[in-house]
Amino acid sequence: MPRYPDELIERIKSDVSLERLLAAQGHELKKHGQDLITTCPFHEDTTPSLVISPDTNLWHCLGACQSGGSVIDWVMKREAVSFRHAIELLKADLPHLDSDNTTPATPIKRSSTRKLPPLAANPDNQRLLQQVIDHYHQTLTESPDALAYLQSRGLQSSELVEQFQLGYANRTLSYRLPQKNRKPGAAIRTQLQDIGLLRQSGHEHFNGCLVVPVLDETDVIHEVYGRKIGQRLRQGTVQHLYLPGPHRGVWNLSALSASSEAILCESLIDAMTFWVHGYRNVTSSYGTSGFTFDHLAAFEQQAITRVYIAYDRDSAGDAAAEKLAQTLRDKGIECFRLLFPQGMDANAYAQAVTDPAERLGAAIRKAEWIGKGKTPPQPPPLAAPTSTPEPEREPDPQEAELPEADIKEHEIKLSFGERHYRIRGLEKNLSYDQLKINLLIRRDKAFHVDTLDLYNARHRSAFLKQASHELCLSTDILKADLAQVLLQLEELQDQQIQQALKPKTPVPHISQTELKAALDLLKQPNLLERILQDFDRCGVVGEQTNKLVGYLAATSRKLEAPLAVLIQSSSAAGKSSLMDAILALIPAEEQVKYSAMTGQSLFYMGETDLKHKILAIAEEEGAEQASYALKLLQSEGEVTIASTGKDASSGKLQTVQYRVEGPVMLMMTTTAIDIDEELLNRCLVLSVNESRAQTEAIHARQRQRKTLAGLLAQQQRRELLQLHQNAQRLLRPLLVANPYAEQLTFVSTQTRTRRDHLKYLGLIQTIALLHQHQRPIERVEQSGQWFDYIEVTLDDIEVANRLAHQVLGRSLDELPPQTRRLLRLIQQMVSEACIRESIEQQDYRFTRKDIRSCTGWSDGQLKIHCRRLTELEYLLIHAGSRGKSFQYELLYDGNPAAPGAHQMGLIDVARLRQEYDAQKLGDITQRSGQIAQKTAPSLPQVAPKLGPSQGCIFIRLRGLVRFW
């Protein structure tokens with residue numbers, strides 16, 4: 001229950017004018033001596049009997065009701081509300097007067113439908129939830145009780161309150177809502193109950209709680225935590241509350257990207273304790289068993305390599321820390337346990353010591369390693385606080401200030417009076433373990449220069465000794481200078497390392513308008529058709545199957561086994577344009593594109609630089625040397641290499657392992673016909689349409705782009721690209737379960753179909769993943785962890801079957817698509833010639849010149865494809881009389897060697913749908929029979945009235961289906 005200061009109550013009674021309030025409510029006031037008089041609205045009053053005294057700001061009825069009091073009493077009686085409600089109405093709705101009471105107040109129009117700030121007609125849950133959090137946040141800033149609680153827990157930080165939108169629920173939310181007997185009020189209350197902010201009884205779920213929302217980087221609220229702050233709580237009251245349902249989201253997610261280390265607390269109060277004392281790379285689980293899949297995914301996405309577990313020091317905390325460490329170690333994350341005094345948590349420990357920031361830092365430095373085998377040789381580094389919450393003090397004039405550095409591209413200059421220092425090579429130090437530089441010190445014309453590691457005491461001693469001799473200066477003076485240089489370089493090195501750790505392509509901020517547009521796109525029922533339409537609007541003509549398969553393959557980067565795509569065509573046919581069009585719809589930060597790659601380049605990339613990203617290579621020939629690494633990355637999900645390097649401390653040679661994690665989606669183009677078979681059978685092969693009709697359509701589009709309408713359409717293209725990029729950013733890497741997997745079929749005539757079958761299943765998963773915002777997201781627990789997943793539908797399988805017939809069918813053909821097309825053209829040419837000359841096919845001879853004249857293909861293309869047709873015995877060569885010119889005979893009889901739609905062996909989805917519906921209906925019928933047997937003895941007179949048994953079953957089935 002909120003407690004209002006006496007000063008606030010007295011100010012309302014004196015400063016809020018009864019005269020202006022009644023005038024605003026429509027009462028006609030007349031002078032009556034020094035008072036005002038009007039009719040009383042609380043009884044039938046024919047003659048004015050309500051007296052208002054402006055001097056005392058009181059009212060009194062001299063008539064039948066004989067009531068009176070202050071402005072608060074007036075609002076309570078007139079609006080039929082409680083004292084607290086009246087205070088809230090007067091605080092929120094009536095303006096404050098100036099101190100001299102000379103500024104007139106604006107009349108207030110009263111309405112019985114008091115509500116939150118204006119809402120849309122059908123607000124979504126996220127928008128309504130944000131408004132409630134804003135109300136709670138405003139309430140906290142005006143609540144002495146809530147502010148006192150934060151102070152008692154050592155969390156009295158305005159920055160903390162604003163940064164994380166902390167709030168306080170004090171039962172005033174209902175005062176801001178429309179009345180529940182009104183349609184808008186009932187609708188909003190129902191929506192708040194669905195969210196979990198109101199209980200079924202209508203009471204606030206977080207009443208009396210400090211409220212902490214859990215937001216992501218785009219300020220979307222995933223979870224809300226409430227902590228009871230009252231001193232006198234009924235026995236059995238739950239002190240920790242959350243929204244209904246499984247926990248979602250990660251608190252302080254944005255701060256985890258600033259460091260490879262993270263502090264993980266058991267509760268949000270503990271996490272905020274670390275935060276206010278300067279340790280910003282901190283987050284919290286939801287209790288000892290509340291480490292969720294979202295936490296693990298955040299650690300992996302932000303490349304966290306070390307976690308400090310700051311759970312409570314009790315039996316439950318120790319057991320949970322050990323179990324959690326095992327989970328993190330399996331993911332390659334190093335774990336340390338902060339050891340507080342027995343029975344204490346982080347917040348209690350911080351309140352018990354005199355210097356919380358320093359003592360929390362000491363606890364981190366002394367953290368105990370949780371792992372198997374030998375303890376790491378080096379102690380865990382201190383996660384230094386970003387700010388020191390010490391009280392301000394007067395600066396000590398004897399303390400030396402760091403000199404201002406003159407920083408250029410490759411050197412840094414510092415000056416201490418007549419002593420000038422020049423530093424080079426700092427940019428090479430991307431590790432906190434060393435500070436190796438080239439250092440020059442100059443005094444007048446004397447100087448000394450050397451290369452040394454400032455963290456090596458022997459190097460520093462040798463440098464100081466020689467510099468003192470060269471410059472004729474005391475070693476103590478130079479030692480003090482070197483300490484200043486070291487501190488300055490450490491600051492610059494830290495900035496340099498933090499800059500290097502930032503993503504090479506930063507993730508742009510998405511506004512609420514852009515977020516809504518992207519969600520609307522992902523929720524469209526005809527999403528695949530909309531994608532193809534947007535491709536057309538962006539200027540990509542035709543290639544419907546290739547565009548859709550390429551887009552789906554790019555989306556599969558979110559899966560654990562992404563698809564790979566190889567776009568194959570003749571030169572200038574448009575393969576690069578197709579790849580660029582697909583990549584343009586994918587966020588820049590989720591793709592890496594190269595023109596060529598050397599044999600070892602892939603092994604020395606950052607460990608997570610390619611994880612769940614697209615690796616695009618302009619030409620397959622440019623990555624020929626790296627084909628082995630690409631094949632391993634595609635099939636194994638990672639590549640590792642052992643190389644020789646120097647130990648940073650000793651300088652001795654040692655074996656260093658480099659590792660690059662996947663999964664990665666691979667996309668390449670090629671003009672070659674003969675491609676590495678091992679790489680080819682790992683990819684979906686897309687063949688560009690090289691027909692004359694496609695060429696004419698491309699020419700028409702190229703001409704249209706030069707018109708005024710085409711130039712204006714470029715702006716729409718940029719908006720469409722941004723829309724799809726934002727939509728791709730909203731896709732989560734969920735698990736995709738296929739409940740129909742065991743009923744699916746696939747051709748098994750060749751061993752390579754073992755990999756083609758996986759491509760088919762991956763295509764189905766990708767289609768389902770793209771529609772995740774149109775499917776219910778389920779949760780399943782495994783070994784104490786929660787996993788989110790969605791399920792495949794029969795519509796997904798139907799689309800995948802249609803695409804598989806057109807794409808995977810080519811992989812079973814022994815001829816490349818261009819060679820197969822030439823074979824058909826040759827067959828057409830030979831057939832027409834045989835009819836024209838009235839001869840048999842085996843008697844007709846032709847040359848490459850004849851083919852050129854008929855098809856218009858270049859001689860270079862014909863040489864390549866005719867050689868392939870000859871090797872596979874589709875053509876037979878007959879040598880000429882001079883032995884230099886060759887004539888061909890067509891051996892192909894027109895029977896296609898490539899599998900057609902019926903030869904892929906895919907299940908008929910319509911039949912599968914019928915079988916599934918029949919099975920479901922059988923289950924319902926069986927269940928209805930069981931229920932009928934149970935209820936038959938109790939309904940002996942009902943059966944005759946229902947008529948035949950079929951009618952009885954039908955009626956029961958309708959009820960069961962509705963129940964089901």
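Me: Which order do the strands of the open sheet have, and what is their pairing?

Reply: Two strands pair if DSSP finds at least two bridges between them, and strands (E, at least two residues) are, like helices (H or I, at least four), DSSP runs numbered from the N terminus. In this predicted model, the five strands of an open sheet follow the order β11-β10-β12-β13-β14, with mixed pairing. Because β11 (282-284) and β14 (368-370) each have a single partner strand, one side of each edge strand is left without a neighbour in the sheet. Strand β13 (residues 334-337) pairs with β14 in the antiparallel sense over three bridges, and Cys335 has Ile370 in β14 as its bridge partner.

Me: Where in the chain do Arg557 and Glu590 lie?

Reply: A salt bridge places a side-chain nitrogen of Lys or Arg within 4 Å of a carboxyl oxygen of Asp or Glu. The side chains of Arg557 and Glu590 form one at 2.5 Å, N to O. Arg557 lies in the loop between α18 (544-555) and β20 (564-568), and Glu590 in the loop between α19 (575-584) and β21 (591-594), so the pair ties together parts 33 residues apart in sequence.

Methods
Residues are numbered from 1 along each chain as its sequence is written. This is a predicted model: local features need pLDDT of at least 70, side-chain atom pairs count only at pLDDT 80 or more; totals for chains, interfaces and linings use all residues. Side-chain values use heavy atoms; hydrogens and water are left out.
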